[in-house]
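Colleague: I have some questions about how this model is described. Can we go through the terms one by one?

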Amino acid sequence: MNTRFTILLVLLSFFLEASGQKVTLSGYVREKSTGEELVGASIYVEGQGSGTITNTYGFYSITVPQGEYEVLISFLGYKTITDHVKLSKSIKRNYYLETMAFTKDEVVISAKKSDKNVRDNIGMVKLEAKTIKELPTFMGEADVVKSIQLLPGVQSATEGSAGFYVRGGGPDQNLVILDEAVVYNASHLFGFFSVFNADAVKDINLIKGGMPAYYGGRLSSVLDITMKEGNMREYDLNGSLGLISSHLTAQGPIVKDKGSFMITGRRTYADVLIKPFLPKFERTKDFAGTGYYFYDINAKANYRFSDKDRIYLSAYLGKDVFTYKTPDDDFTVSIPWGNITSSFRWNHLFGDKLFMNFTTVYSKYDFEMKMEQNDFEFGLYSSIEDYTGKFDFTYIPTIRHKVRFGVSYIYHIFEPSSVSGRLGQTSYDSKGVVRQYANDCAIYLNDEFDLTERWSVNYGLRGTYFQQVGPFERYVKAEFGRTIDTVFYDPWETVADYKHIEPRISSRYILNKSSSLKASFTKNYQYIHLATLSSGSMPTDLWIPSSEKVKPQEGYQYSAGYFKNLKENMYETSVEVYYKTFINQIEYKNGYTPADNVGDNSDNYFVFGEGDAYGIELFLKKNKGPLTGWIGYTLSKTTRYFDDIDFGEPFPAKYDRRHDLSITTNYKYNEKWTFAVVFVYATGNAITLPVARYIIDGRIVNEYGARNSFRMPDYHRLDLSVTYQNHKKQKELNKRYRTSWNLSVYNVYNRKNPYFIYFDNDGDIQSGTLTTTAKQVSLFPILPSISLNIDFE
Amino acid sequence: MKYKPIILLFIVGAMLSCTKDIDLKIPEVDRKIVIEGKIESGEYASVIITKSAPYFEPVDSSTIFEMGVFDATVVVSDGTTNDTLSFVLDFYQMPFYKYIGNSIIGEPGKSYSLEVFYDNEVYTATTTIPQIVELDSLAFKEETDLEVDSAGYLWFYFTDPDTLGNYYRIFSKTLGKDSVFVHPMASVSDDKNVNGEFIEYPVYRGWNPNLTQKQRDEEKEKLGDIPRWAFVRGETVIFKFCSIDAEHYEFWRTIEVQNTSDGNPFASPSSVYTNIQGGAIGVWGGYAVFQKIIQIE
């Protein structure tokens, strides 16, 4: 306990650091044409050897001794501004940056390139919506999460999956937030698309190591996505027509330069297009009664009362609906699922050094399945619902410190798997019985401290308290899952609670202008768990809270890296290594079926274990010039240890991947033509296969080999895209719109990548003619797609 | 009715996916002894002993012989007396032999141990025959959606005892159609959600697992419009309602889970429970049998 107090005292001392004759330069950095705030823009004070970046709300604040300074304001893809500032007293100044349009001349002019790679904290990666849109698409949909998967240390789950794994962590260990709201299931269409509509996205930040103390609740990573705010100056309508879906985005000022809105929607229409053809083919006629679509809507509005106060309202609604009917209607299935999030935020500035953001969030994910056949009805429902309140403060006392502190509270309602059914006259409904409620609180303090011009430390503490509360019914189990007792808890009575301190520290040392060393250590706790039967991210995956049976997940990560930029920051390179351990991981017990949840606690069906992961990540990125792109390679190993699986023998996690390579290139041939190529290669997924079989009751029974002891064949794929636009001509012709065409080809050389393996039995044992063959199913062959993008003036 | 997410591989999957044969190198594993033993109330014990086979080994007249265990010593004990089982042939089941008891007859409420001596190894297990739970009644209900109007399910009615921890397994035998007792795909259930309640449940006619594919096709053809799984007016059916113990239930439950999860890419492979000690797999299970005959009119 004493060491904790010491750390706190040291932290506090920085607040009290004597400031002498110091003055503050503060304000916002915005985009010139739209008036939108820029996140992560850099403000560098020459002569102080130090600078800062704008926060999520575009705000910056720098405190320096009185004097005259050259201030450089820069942001990737924008022209750098140099401002001569005379600071005799504290002043406010807003900067407006202009986009760098592509011409060969301008590339030469803006010789000053970003050295973020060298200066940034370890483990943080930023992707722009623009980059994502220039990558080849899958069925015409630019996808945020699939772009993230191309980074080293980040893997996709299975073919086409929008689920992702970071450095050996599970899909539930990623904190996915959209405008401060947690998104629990970030995929559409059984994982083939992510829920983030690239048209609505402004910024994507991924933290895969060295997680600062202001983020928490997950072990592995943070994917922080900011929605566009909407053009502050003029109205803009933008649409796109794709092979399977269409998008429409409208944005504009509510009050010019004070408030704006943005609304965007998309819906797939494959169901409408394909339906007439389904009954015509032998292979698809059984699917004639099938319907499938998804849609989502992103909306955001903000209003600036002054430079001191601003409010934001953001909302997301997305839904997938799958239906299946037999031709004679006697068997019907309907499966709707989706996310809804909404957040209200209030930014307030106290003076020029203390920035506050107050957030309230409502977030919900639910999944439902309804089946009907004659005398039989079956329904399955699961959901997670959050009410969040959060205060976050950024305090910038001197140019060397950036302090963030705050508190957050989440009220969770979990409904892991409630079942309703009817069989003849007997009906059953477990709704309400299985619900679990929890209070989830956190308090944090984080300081980004530039010790010297070269050496900076980002350190902090996060204190968390998690409490599962009643009403709740605990089914007490004996061997073989026999229920022997039931314990009842009253509303708000503590069922189980946990409190923990999570220290986080990362450090960066600049060796010279173009290279640095970085290292970090983090300890995280996670109080929610995703129980999954499948290898990908499926909508059926269940969220459950930590309880007396399921202890909080605990994770440690050590990482270090060497970062070097070449040719005046034209090339960024890095080598990073990591080692992670995970404690209190869950897996379903052998023989578990979703029906076991009926009238039971879902956490009665888990086994518990530990895991570790280590790896090395190599990264090379070219930032400037007509040819841009990156190569990422990861060599890693992820292992699990469960006492109840293979008697505690180590086994590879299902997302253990020895090699993972991605090459992404983008070539701007001229103003009209842009080409992009993506190549990915990955070691095959680990799977469990039968090794022997025997006869019981006249039927064949399989005996399985060790968990995940087999590998599917390797995965590799090449995608291409060509974008054509002729804005110049359209401008000359005085057209009221700008168009661009994108042709993408997925899996160019038609690689038959394994999706799953099954066994086909021919003949039967009774007549002594049984033979078995292994079959591999591949999902997507070569898939061209085309989309048209229209921007109205 | 089973939850089959495989149908969710919907449109895109059905239209685009492709399947090819692949070669998988699966390591050689030792053949294990497989025991399928039972003792029913009112009957002698009956034990089938076989060996497991490598996964990809074809099952034909030569390899199936490799799977047989014909010279084991099998002893059942009720704690006071031992009964050494005799090897007999039985062409109504697969494989065509079993070991059958001579002196001990199963009684409700008693425990029985099994010892199998084979190839210098000994395998042991214990099971219990629970108390018999009686059926309240048995009824036939026509299935109105069918094209033939005389076919349907059997419904059985009973009251689950007050104490938790009752497990059931059901069988039926349609006279003139089935040579052995058959069971539906989901043949076991427990009283976790229905403890102490009055229960109604339907049952359809299961497959006789000992028929060859050809025999099955012939039967289907003979039945014409009548679904194979249906019970039909005019038939006499013996319904066997068995109470079993927890381990015995766990064995059949995991067998049935594996049946449904096999080949489902979204399910994790499910291993089968065993209550046999000593390195063998399989089950030694007691049944408390309640039988009822219904003549469907």
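Colleague: Which residue is the bridge partner of A:Gly265 in E21(A)?

Modeller: A:Ile297 is the bridge partner of A:Gly265 in E21(A). Keep in mind that this is a predicted model.

Colleague: What makes E20(A) and strand E21 (residues 291–304) of chain A a pair?

Modeller: Two strands pair if there are at least two bridges between them. E20(A) and E21(A) have 9 bridges, in the antiparallel sense. That meets the cut-off, so they are called a pair.

Colleague: How do you know that strand E19 (residues 245–255) of chain A also pairs with E20(A)?

Modeller: The cut-off is again at least two bridges. E19(A) and E20(A) are joined by 10 bridges and run antiparallel. A:Gly252 stands opposite A:Phe261 in E20(A). The hairpin of E19(A) and E20(A) has 3 residues between the strands. In that hairpin, A:Asp257 takes a positive phi near 60°.

Colleague: Which residues are on the covered face of strand E20 (residues 259–268) of chain A, and which on the uncovered one?

Modeller: The covered face holds A:Ser260, A:Met262, A:Thr264, A:Arg266 and A:Thr268. The uncovered face holds A:Gly259, A:Phe261, A:Ile263, A:Gly265 and A:Arg267.

Colleague: Why does A:Pro212 count as buried?

Modeller: The cut-off is 20 or more C-beta neighbours within 10 Å. A:Pro212 has 25 inside 10 Å, so it counts as buried. Its place is in the loop between strand E16 (201–207) and strand E17 (221–227) of chain A.

Colleague: What does A:Pro212 touch, leaving out residues up to four places away in sequence?

Modeller: A:Pro212 touches A:Asn446, A:Asn458, A:Gly460 and A:Arg504. The C-alpha atoms of A:Pro212 and A:Glu448 are separated by 9.3 Å. Along the chain, A:Pro212 and A:Glu448 are 236 residues apart.

Colleague: What makes a set of residues a nonpolar core?

Modeller: The members must be buried, of a listed nonpolar type, and joined through C-beta atoms within 7 Å. The largest such core has 71 residues. Those with the most contacts inside it include A:Val144, A:Ile177 and A:Val201. Strand E28 (residues 436–450) of chain A gives the largest share of this core, 5 residues. A second, separate core has 65 residues, among them A:Leu770, B:Val34, B:Val69 and B:Ile129. In soluble globular proteins, nonpolar side chains tend to be buried together.

Colleague: Which residues does A:Val201 touch, not counting those up to four places away in sequence?

Modeller: A:Val201 touches A:Ala129, A:Val144, A:Phe196, A:Ile225, A:Met227 and A:Lys228.

Colleague: How is chain A divided into domains?

Modeller: The domain assignment gives domain 1 (2–110) and domain 2 (124–759 + 778–792). In contact are 35 residues of domain 1 and 36 residues of domain 2 of chain A. Elements giving two or more residues to the domain 1 side include helix H1 (2–15) and strand E1 (22–31) of chain A.

Colleague: Now chain B. How many helices and strands are in chain B?

Modeller: Chain B has 4 helices and 19 strands.

Colleague: Why is chain B called as compact as a globular protein of that length?

Modeller: The globule rule gives 19 Å for 297 residues. The C-alpha trace of chain B spans about 55 × 55 × 40 Å along its principal axes. Buried residues make up 35% of the 297 residues in chain B.

Colleague: What is the strand order in the open sheet of 4 strands in chain B?

Modeller: The order is E7-E6-E10-E11 (chain B), with antiparallel pairing. Strand E7 (82–84) and strand E11 (121–128) of chain B are the edge strands, as each pairs on one side only.

Definitions and conventions
Residues are numbered from 1 along each chain as its sequence is written. Chains are lettered from A and ligands numbered from 1 in the order in which they are written. This is a predicted model: local features need pLDDT of at least 70, side-chain atom pairs count only at pLDDT 80 or more; totals for chains, interfaces and linings use all residues. A residue is buried if 20 or more other C-beta atoms lie within 10 Å of its own, exposed if 12 or fewer, and partly exposed in between; C-beta atoms are placed from the backbone. The radius of gyration is taken over C-alpha atoms; the globule rule is 2.2 Å times the number of residues to the power 0.38. Two residues are in contact if their C-beta atoms, placed from the backbone, lie within 7 Å. Domain bounds come from an automatic or database domain assignment.
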